[in-house]
Amino acid sequence: MSEPVARLTAALGSEAVFAHEPRAVEGAQLEATLRPKSGEALSVALRLLSVEALPALVRGGGTRLATANAPCRARVLLETQGLGEPAEIDTDEGVARFAAGAKLSALRDALAGSGWELPLDPPGAGTTLGGALAAAAQGPRFASPRDVVLGLGVVLASGERIRCGGRVVKNVTGYDLAKLFVGSYGTLGVIEWAWLRLRPAPEATRVCVAALGRDAEADSVALAAARRPTVRVAAVVDAALVPGLVSAGAARALVVELAGDAAAVEQDAAALGDLAGAFAADASAVEALHAAQAAGPLRVRVAALPSLLAAAAELLRAGGGAVLAYPARGLLWARFGLEGPDDERGAERALRAAKEAVRAAHGVCLLEAAPLAARVGREVFSGALATLALERAVKRQYDPAGILNPGRFVGGL
Amino acid sequence: MQVARQAPRAARAGGPSGVPGPAASEFVAALREIVGPEAVLARPEDLLVYEADGLTLHGALPCAVVLPSDKTEVARVVRACRAHGVPFVPRGAGTGLSGGAVALDSGVVIECSRLNRILRVDAENRIAVVQPGVVNGDLGKAVAPHGLFFAPDPSSQLACTLGGNAAENSGGPHTLKYGTTTNHVLALELVLPDGEIVRLGSAVGEARGYDLVGAVVGSEGTLGIVTELTVRLSPLPEHSETLLAIFGDVVSACRAVGEIIKSGLVPAALEIVDRRTIAAVEASVYAAGLPTDAGAVLLIELDGPALAVARQLERVCALCAAAGAREVSVARDAEERQRFWRARKGAFGAMGRLAPDLYVHDAVVPRSKLPEILERVCEIGDRHRLRLSNVFHAGDGNLHPNISFDRRDPDELRRVLAAGEEILRVCVEAGGVISGEHGIGTEKREYMRLVFSDADLAAMCRLRAAFDPDSVCNPGKIFPSTRFCMESDPKARRYEQVELA
């Protein structure tokens, strides 16, 4: 046990610190695991880590460890699943406060029958709320969590426990710091809890699927379908990613979920039938999108303007990718096959295609998954960051000792 | 709440921030060199216009007003201010209500009214690229032919600018369904407080690094000067209906709002106008034919697919009736819809008839608490013998208690300020916050500790320090004067180093 770890153990107790032989995780050699059970314990832990200048890999459900840059400098693992204060659900108001360590699946269960639903659906069965917010992870139904977070409890690297925002749905009281922490991959602070704005549970939902061809017309049909008023999922997915969903021979599937007023949903379902020959399917089609988004040894996510997304998708396909696209959101995932974790040439080919796609579509790209060998020493976020000096200044302000996921975010932040 | 009126330092000491007279004229000459002689105002009579924004109780004269015409000029003006040690403040149309656009410490006002071009409307991708001086309502007009609209719609939308909307994270009646400005800004071009021009965010809505767009929107012009915005446009709804529900008292109207929210309906707007406001409106040019014997009216707008709106309308009518509405009318045509809205949008103008001054408060509470909070707000107004009326975004829980008064009566002014503080305390105790859309500015900075701990405020100051370590960009706003930043000497106006606990 190294001296800093020994001091951590002495301060936090052996029930919160588990020292072990150095263990390789995501390119880092970790010598202890910290499992704080409360915000208070997390605060003490972070303060000590700052004092010791001991960098931590912060982990929620562990579903996105391979996303973002490899955190090679981390020396301890900080697990947040123990942050599990009871939920506070206000069904009059449609808002709720949940602990960061809670699994999203548990939150969905807690809301079942309340008339409200959780507006987060990233893939990953074990995803925690804190992890989903830190990674700004999104799924087929709901876009980035940035706009549903009303308030956050955050523990800074200094150990200070702070609150940003509040529980009300409209708030300009001071800086909107919550925006800074959402999507910062745990590099500025560790989220302890969050107030979320819930969505009213829809009166009716309906899933429709249509087979699409390879032509450009299919793209415009998909965009028109995606812009029907009750649409909450509208994906164009290559048949290879959703086996069995559409008849053999169809190149792609259009998967739409309608939600809201029952009569309006009916109307949109009929419109989709006319527009794309869509037929009714069940919710498993949306589950298939979750699986498609999370699958594969190498995956890139590309955001682009809707009008350029189809062109980006074509370049990714030309480079061997299979694509799941959300046309109206201007977002796609491309999956590439590899011949094992050491297939450097395969990885290079995929990354070249992603680069081309991003350039052509003036987009933003993230290498969301790849074998460790392809990530170590590589920037997985696209393009040079013109604002790096400013972003570094922000990082220095919140984590001067550099203990929170150092190097994991874009530009080595 | 203090009535702050800073004496113009230029008049006292002969130059910006106390620099002597010759240095001041040299500074003004430097500004003229950058933007041209007509685009710098420095005569006392010209500066008076910029002494206050919509919050006329808080005022301070700038040492000069500069009207740059492009981002390069903005950046050069900022660098000139830095070189001369003069703080600066961005200003849009000056319609803000918290003192945010006022230059303290004899700073320079950088007015963005000449940066007023809509650079691009991309209807296919539903975005627009605009300069900060574009008037909110003008963008709406420009994109309507494409079947689109810009959702944030502050009451001042015929005058206020998009740069100001971004600075204040402005809302409006339609925030309830569509969100505030922060939900509609995708990218910004920003002149940093050191004069560097940066682009934050991207038109595709994904930041490459930290969500600095999210941090800058709502930062009240303290992190830099926005010189370009890329905003999201929304499709105009297929159908909309406007309803007016009439209640015997404002508490019943609040109850109806609570029931509508609880039911999971999301109207486009839910606005309450109380009896005193109705009386003022009906006696003014904005008269909308509202019943002056009503305790309150609830203005409801529903939008979406026609089929869905028809069903929502039935449910909303039933909920209003159950909450005690004595009448619910549905606007028959566009003209009647406008008449209903006139009562809401003209309320502030109509208040001008009641007294020389109007204090427009702004606080937010959970919507389920509205009935009890409204009762307490009215009680506070009565106890302080004030003419208090309410017209507000009930669907968001965003209160606007308005106090009509005469500032020439020092006792009444004292009571106005005391009541204001009490109202804020009551809202915070109910789980609310002290501003929903007007911002903190100079008005409420001393009340920030009602909501936030010192550690919370220090965390905000860390962001400020990353953007503006010397605190030269709109100093003296948002943060409480003690411990954090505001010292009497502007040179000492630095954020304390936040120590590790």
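**Entry 1: domains.** I started with the domain assignment of chain A, which gives domain 1 (3-82 + 399-412), domain 2 (88-200), domain 3 (204-290) and domain 4 (296-375). I note here that I am reading a predicted model.

**Entry 2: domain 1 and domain 4.** Next I looked up how far apart the centres of domain 1 and domain 4 of chain A lie, and over C-alpha atoms I found 31 Å. Their contact draws six residues from domain 1 of chain A and four residues from domain 4 of chain A. I then sorted the residues on the domain 1 side of this contact in chain A: two are nonpolar, three polar and one charged.

**Entry 3: the sheet.** I turned to an open sheet of eight strands in chain A and wrote down its order, β15-β12-β14-β13-β17-β18-β16-β19, with antiparallel pairing. Which strands stand at the edges? In chain A they are β15 (279-281) and β19 (364-369); each has a single partner strand, so one side of each has no neighbour in the sheet.

**Entry 4: a closer look at β15.** Here I followed the pairing of β15(A) with strand β12 (residues 204-212) of chain A: the two run antiparallel and are joined by three bridges. Within this part I picked out A:Phe279 in β15(A), and opposite it stands A:Val209.

Methods: Residues numbered from 1 in each chain as written. Chains lettered and ligands numbered in written order. Predicted model: local features only at pLDDT ≥ 70, side-chain atom pairs only at ≥ 80, totals over all residues. Domains from an automatic or database assignment. Contact = placed C-beta atoms within 7 Å. Nonpolar A, V, L, I, M, F, W, Y, C, P; charged D, E, K, R; others polar. Pairing = 2+ DSSP bridges. Helix = DSSP H or I, 4+ residues; strand = E, 2+ residues; numbered from the N terminus.
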